[in-house]
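Come along and look things up with me.

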Amino acid sequence: MENLPALFSDLALILVTAGLTTVIFKWLKQPVVLGYIIAGFLIGPNFDWFPVIKDHTSVETWSEIGMVFMLFGIGLEFSFKKLKKVGGTVGITALTELVTMCVVGFLLGKALGWTQMDCIFLGAMLSISSTTIIAKAFDDMKLHREKFSGNVIGELVVEDLEAVLLMVILSTLAVSKSFDGMQLVSSMLKLGFFLLVWFVGGIFLVPTVLRWARKFMSEETLTVFSVGLCFMMVVLANLAGFSSALGAFIMGSILAETLEAEAIHKLTTPIKNLFGAIFFVSVGMMVDPQILVNYWWQILIVTLVLLIFKPLSNVIGRLIAGLGLKQAMQGGFCFSQIGEFSFIIATLGLNYGVIDEFLYPIIVSVSIITTFITPYAIKSAVPSYQWVTKHFPEGWLNRLENSDSGIKVKSGKKVNMGSFLARQFKNIVIYLAIIIAVILIGFFASSFIMKYVPRPWSSAIGTALSLVLVSPFLWAMGFKHTLADTTHKLMEVSKFNKSLIRFVFVLRFVIVAVISYSVIQHFLNNLFWERLNVGSPWYHWINIGFALVFTVLLRVLSPAMKFYKHIEDRFLDNLNKRQSMQVFTIPEILQENCHLQKMTLSPDSDYSGKLIKDTDFRDNYNVSVVSVERGKQLFELPKSDFQLFPYDKITFVGHEDHLRLLLSKVEVFDEQLIQEHEDSEVDLYKVEVRPQSPYVGVALMDSGLAEKLDAMVIAIERDGHFILNPSARITFQPADLVWFVAQKDKAEFLMNYNPDTIPNTQP
Amino acid sequence: MESIPELFSDLALILVTAGVTTVLFKWLKQPLVLGYIIAGLLIGPYFPWFPIVRDHESVEIWSEIGMVFLLFAIGLEFSFKKLKKQAGTVGITALTELVSMCFIGYLLGKVMGWSQMDSIFLGAMLSMSSTTIIAKAFEDLKMKGEKFTGSVIGVLVVEDLAAILMMVILSTMSVSAALDGKELMMSVLKLVFFLLVWYVGGVFLIPTILKWARKFMSEETLTVFSVGLCFFMVWLANKAGFSSALGAFIMGSILAETLEAEMIHKLTTPIKNLFGAVFFVSVGMMVNPQVLVDFWWQILVITIVVVVLKSLSSGVGMLLSGDNLHNSVRAGMCFGQIGEFSFIIATVGMSFGVIDDFLYPIIVSVSIITTFLTPYMIKAGEPMFHWIERKVPESWTSFFANKEKSIKEKSGNTVTMRTFVLNQLKTAILYAAILLALTLVFFSVYTPIENHQIRPYLDIIALAISLLITSPFLWALGFKHDLDAETEKMVKTNKANRRMVWILYAVRFVATWFITSYIFRHFLDDDFWRTINVQMDDVIMAIVASLTFLLLLRGLSPAMKWYERIESRFLENMNKRESMNSFIVPEVLQENFALAKMPLSPQSHYAGLRIRDCDFRNSYNASVVSVDRADEIIDLPKKDLMLFPSDEITFIGTEEQLARLKPLVEVEDDVLIKERPHSNVDIHKIVLDEGNRLVGVTLRESDFRNAYTAMVIAIERDDNFMLNPDASTLFQKGDTIWYVASEEKAQELVRCMMAKQ
């Protein structure tokens with residue numbers, strides 16, 4: 001018969017085995033990831049008593065797709081704004097941990113006598129914790145409400161970003177095969193440039209396209225479209241020389257800023273789960289038991305180092321960031337494992353062929369062991385804290401003790417020179433990146449024209465095209481700032497300010513001139529001028545002249561450049577789209593203390609069906625309801641006798657900690673996906689009305705069936721006809737066959753109580 | 001840098017192009033499928049101004065996976081019970097249409113001078129309508145509630161089944177490359193046998209496993225598990241020599257009987273959409289515009305045939321099944337297109353290399369044109385009916401006119417001898433199939449070894465194991481005559497009946513005997529008897545031995561009670577999903593009554609109403625039997641129960657009325673993501689200067705809440721924030737009050753304050 005691709009049987013094997021092992025691991029209350037790895041181990045080439053995979057290339061491709069989808073998923077949950085908000089403390093902690101672990105890992109590798117590259121990769125792999133496993137542990141142990149959990153989740157977000165950066169650095173290292181500082185810096189610059197361009201371009205284009213298409217988006221088109229965008233970015237990233245993981249992450253984080261983010265997340269999760277399963281299974285397939293036996297002591301040492309140094313560095317990071325000792329220890333102890341990112345990094349190393357084969361199984365086994373230990377490590381945080389307080393000198397402890405920052409007040413923001421310069425610098429960098437990107441696009445477009453149009457004309461067209469394309473951005477770079485109010489105010493403050501600001505403006509002007517010159521020079525080069533018989537020293541001057549004229553023209557055209565404002569507004573609008581889902585934005589001064597959060601009321605929540613005044617939102621959580629969204633309606637500032645329905649989207653205002661506590665009460669999740677229903681006690685019965693029955697001639701509404709016996713008459717069979725859902729006024733007649741729904745005991749009571757109405761069982 | 005697989009860029013190309021074209025087609029209010037096909041055309045090898053797919057092999061595998069998922073999803077929505085309920089009317093319609101279209105297609109092919117095979121495939125392809133396109137059109141035209149749509153959907157279900165059958169037949173024919181009646185018979189029998197075994201085995205095993213695993217299932221594991229099962233069945237089907245589409249369909253329909261069905265459907269839909277998109281795009285990629293130009297008149301002819309004759313034959317089918325003219329015309333007009341199944345059949349033909357290359361693009365273009373026409377055809381149904389009514393003589397129309405069946409009365413299910421015999425035969429065939437399947441498994445597992453020393457022992461052990469495992473089914477086939485009281489009475493009273501029953505029992509016993517002997521004979525063959533020095537014919541020995549065994553089994557009848565447990569487990573699994581309902585509507589009432597469970601969507605205007613205030617009874621003659629809310633079930637709710645959004649309400653009423661009610665209860669949003677209604681409240685602040693009238697007033701006494709519908713969320717005092725201040729808080733001089741209010745109220749408030757100063 002028709003030939004089945006080998007991939008089909010491979011998929012059957014992988015998924016069925018994975019399904020069984022994961023269920024078993026869930027039964028054993030272990031993370032699902034371990035189940036996948038064991039499944040992979042079983043069907044891998046190193047395990048004899050089981051069928052093996054046949055189409056290796058395809059499975060590998062699928063597992064790469066799994067990696068792409070996982071990073072896409074992480075990107076979707078990532079948000080630059082969230083990052084900015086958690087910023088300070090979390091950044092310090094994450095950085096401390098990253099640097100310490102990289103160094104410790106590197107040194108450990110050296111001590112074990114591994115190669116330079118192996119050591120670097122080991123350091124990188126040990127520095128990244130597993131988001132999924134920590135999140136899973138929190139779920140299992142119901143720690144969501146603890147104060148430190150918010151902090152930990154924030155740090156995991158930072159770690160995700162670090163991991164992506166690490167991957168880029170490692171790829172660069174892997175290609176150059178040596179630790180070349182210069183190259184690293186240039187590749188970081190390149191990364192920065194591309195990140196900026198993609199993110200800015202993405203935020204400008206994708207939500208704009210989606211906004212138009214929103215009316216025509218069904219679940220199907222949205223799935224296809226978003227997965228397509230993800231792969232497009234993967235291809236783009238690859239063309240620019242970055243890993244596919246980075247591309248997927250970027251597209252995820254761009255889509256995270258759109259209104260569609262949640263829907264996309266929901267739709268791509270099953271796809272991610274499917275391919276992700278294949279990724280983890282193929283991780284397991286690479287474990288060779290022989291290597292584990294040979295390297296058992298290295299595994300042990302790496303595990304021990306990880307278990308000691310990772311939490312330690314994290315706790316220290318937290319202490320540096322100014323947290324209390326207890327919180328620091330509770331938070332830090334969560335980070336005692338490595339997970340999916342380490343696999344991804346290891347895969348990267350293997351793909352480039354820079355790390356040794358044995359490193360992979362070692363890392364996987366370390367990950368397995370530490371994953372097992374994680375819940376116990378988290379549980380041991382409080383006892384360890386108590387032990388530390390008992391055994392350490394008082395003086396030390398006091399210094400470490402809770403420096404919980406009180407509510408800070410930052411009313412009224414002042415504009416000073418420092419922030420002015422910082423902003424100027426930021427703007428210059430962003431504009432520069434955009435301008436370079438646009439010019440590259442212009443060059444690319446012109447190269448097409450060059451093919452079809454003869455020489456001198458094509459150069460002229462190319463120049464014009466590129467300059468027109470880039471002009472709004474050049475204008476913004478050169479002259480937009482001159483219009484701002486605050487700068488004028490600043491200039492009035494002091495003479496020094498004035499000259500400094502002047503200098504910045506001149507600098508921006510010069511940059512514009514230089515860029516214009518280099519664009520013109522690119523097209524109108526000596527070949528072009530030779531055609532026109534203009535000699536060598538002259539055309540440089542002509543080009544410079546053109547550039548200056550163009551720059552001045554830009555300045556003159558300022559009023560016409562208003563449309564640049566549109567572009568910028570659109571961009572900012574897109575950037576803040578998701579925030580605008582909120583009822584209003586909290587002013588910056590209040591942001592420290594007061595947050596808005598939208599929660600969907602679960603049907604299982606105690607609050608479902610309650611009036612607002614009967615809830616304890618204000619008393620126990622010190623939060624208020626700002627608005628309620630229900631279907632297409634929006635109720636703002638609902639009154640206290642407003643009734644909350646399940647699936648209402650309620651926006652609360654309150655302190656972050658309180659909101660987090662409340663969240664678990666409002667959004668209640670069922671532990672079990674599918675529930676078997678308790679058996680219903682009602683059933684359908686029929687009874688014949690005998691001529692002697694007291695019900696003869698009685699109307700249905702007067703019969704008391706509904707009120708006294710909770711019975712519902714659904715049909716009366718009379719003269720071979722059915723009267724469906726009879727009206728309340730119908731009267732019973734002899735020989736009617738009455739069909740009714742009732743509970744068993746009540747039905748029996750009804751059928752037996754009255755001797756005249758007997759159960760109708762015989763034909 | 002790291003080189004990515006070519007598949008990545010192909011996927012990017014396919015999906016982005018498909019995304020853009022589908023959105024464009026939605027904008028033009030055309031079905032998505034057309035968008036996919038156009039995307040395929042653009043990126044196909046015949047369209048020069050566009051990049052093309054590079055890794056053809058992988059994309060092909062993906063499109064095959066797409067086909068698997070499409071059929072898996074169809075299976076998930078398929079239900080044997082639903083089919084059984086509608087069987088009569090719907091079956092006649094579907095059969096009329098299928099047979100006439102197959103025939104017409106074949107003739108058409110012949111007339112156009114195509115080869116035998118091409119003509120047969122053409123017939124098959126023309127006979128299949130497109131479920132997705134019709135369903136889509138109903139949705140777009142908001143016709144879901146209309147009565148005739150129910151029958152149309154029913155016919156489509158039958159067609160799905162017929163398509164599966166047709167694919168098997170066509171595959172067999174392709175292999176033998178000729179229309180061989182005997183071989184066809186064999187392959188259909190084989191299909192039925194495997195279907196039976198898989199279905200019975202699947203319904204027994206899978207829900208049992210899921211029942212155990214239910215506690216540990218998350219969305220992730222369920223996704224992985226169900227997709228795994230799907231591929232497992234695809235693999236099994238392939239081993240048995242059937243197409244992967246069949247395997248996927250079977251697993252879908254097995255899972256459809258589990259409690260998880262809905263969840264699996266929800267979880268696999270995005271995956272199906274993704275791979276399905278690749279499938280449809282790759283259909284488009286196979287269209288060669290040159291072929292279209294060369295064959296334009298064939299395309300035209302086939303299109304006209306599809307549009308005219310397909311509608312006509314299904315309309316006639318509806319009339320034959322006893323529906324009235326109005327419904328028949330409107331339903332018939334829905335079927336004037338071909339769709340995904342035709343592609344699948346064409347793909348089957350292509351992969352066997354039995355049809356010519358030009359057939360594929362022709363079919364695809366016919367499908368495109370007819371798909372495009374479908375919504376207009378459906379809309380034209382009503383005018384068409386009026387036209388027919390006017391043009392056709394009165395006597396004809398009155399012949400076809402409304403013979404709407406009055407509600408039939410069939411109270412009291414009398415058991416006749418006929419139903420008894422039928423039941424007996426049905427069970428006998430079922431048991432025989434299970435036994436055959438089991439014996440086949442044993443035979444293939446056990447291969448006798450050469451060693452004569454231990455061989456007899458091994459033979460006997462194998463035999464014992466086989467008999468042990470098959471014994472419950474052997475017992476059931478041979479001796480389990482469950483006679484209910486009524487039949488027994490009939491048998492006692494009538495001599496002819498008694499004879500009939502005895503004959504049936506005898507047949508079952510002989511069949512059992514035969515199978516048992518077969519097993520004995522297989523394990524204890526000539527060699528065996530020779531080794532233990534018994535000079536007897538192995539066949540006779542087997543017959544004798546099996547007879548003894550069966551008599552022993554008969555004696556063990558009381559011990560066989562545990563077989564009943566297997567059977568009841570099976571029946572329980574089978575009815576699992578139905579048991580989600582509060583009770584089962586007895587067969588007598590099924591003609592008239594149906595239970596339907598509908599989730600109440602938040603957009604429905606019933607959300608938040610009390611049952612008393614709803615018009616269920618008055619307008620729809622339906623009653624609420626129970627309400628499922630989160631974890632509890634409220635049976636027979638009182639009149640003053642308030643219906644919450646997302647309650648699952650079970651209604652009882654006639655099928656048509658419930659169908660009319662459904663769109664009002666389950667309101668679906670047209671737009672997936674809405675931009676939020678613009679909110680006009682914002683956060684404002686007010687600073688209390690000296691002499692403000694609020695100074696010294698408590699929050700409760702101030703009229704923020706009542707006069708201005710404003711909410712105070714914070715008070716800033718001495719560089720401290722009081723969040724959500726208590727109602728008894730006293731305002732002081734110098735406080736900054738942050739409050740939320742609408743723009744105009746805030747202005748009013750500020751104006752008021754100014755005035756008071």
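**Entry 1: a serine in a helix.** I looked up A:Ser365 and found it buried, with a relative accessible area of 10%; buried means under 20% relative accessible area, exposed over 50% and partly exposed in between, with a 1.4 Å probe and protein chains only. A:Ser365 sits in helix 16 of chain A, residues 359-379. Helices (H or I, at least four residues) and strands (E, at least two) are DSSP runs, numbered from the N terminus. Setting aside neighbours within four places in sequence, I see A:Ser365 in contact with A:Leu292 and A:Ile299, where contact means heavy atoms within 4.5 Å.

**A note on what I am reading.** This is a predicted model, in which local features need pLDDT of at least 70 and side-chain atom pairs count only at pLDDT 80 or more, while totals for chains, interfaces and linings use all residues. Residues are numbered from 1 along each chain as its sequence is written, chains are lettered from A and ligands numbered from 1 in the order in which they are written, and side-chain values use heavy atoms, with hydrogens and water left out.

**Entry 2: an isoleucine.** Next I turned to A:Ile344, in helix 15 (residues 340-352) of chain A. Is A:Ile344 buried or exposed? It is buried, at a relative accessible area of 2%. Not counting residues up to four places away in sequence, A:Ile344 touches A:Met67, A:Leu71, A:Met167 and A:Phe279. I also noted that A:Ile344 and A:Met67 are 277 residues apart in sequence, yet their C-alpha atoms are 7.5 Å apart in space.

**Entry 3: a helix of chain B.** I then checked helix 14 of chain B, residues 325-332, where 7 of the 8 residues are buried. Among them are B:Asn327, B:Arg330 and B:Gly332.

**Entry 4: a sheet in chain A.** Here I found an open sheet of 4 strands in the order 5-8-6-7, with antiparallel pairing; two strands pair if DSSP finds at least two bridges between them. Strand 5 (682-688) and strand 7 stand at the edges with a single partner strand each, so one side of each has no neighbour in the sheet. The twist averages 25° from one strand to the next, with axes as lines fitted to C-alpha atoms and angles from 0 to 180 degrees between N-to-C directions.

Strand 6 of chain A has 7 of its 7 residues buried, so the rest of the structure largely encloses it. I counted 5 bridges from strand 6 to strand 8 (residues 737-743), and A:Met712 stands opposite A:Val741 in strand 8. Strand 6 is joined to strand 7 (residues 721-724) by 4 bridges. One bridge pairs A:Glu717 with A:Phe722, and another pairs A:Arg718 with A:His721. Strands 6 and 7 of chain A form a hairpin with 2 residues between them, and A:Asp719 in the turn has a positive phi of about 50°.

**Entry 5: who lines it?** Which chains supply helices and strands to the lining of the second largest pocket? Helix 28 (705-709) and strand 6 (712-718) of chain A, together with helix 26 (616-620) and strand 2 (623-629) of chain B, each supply at least two residues of that lining.
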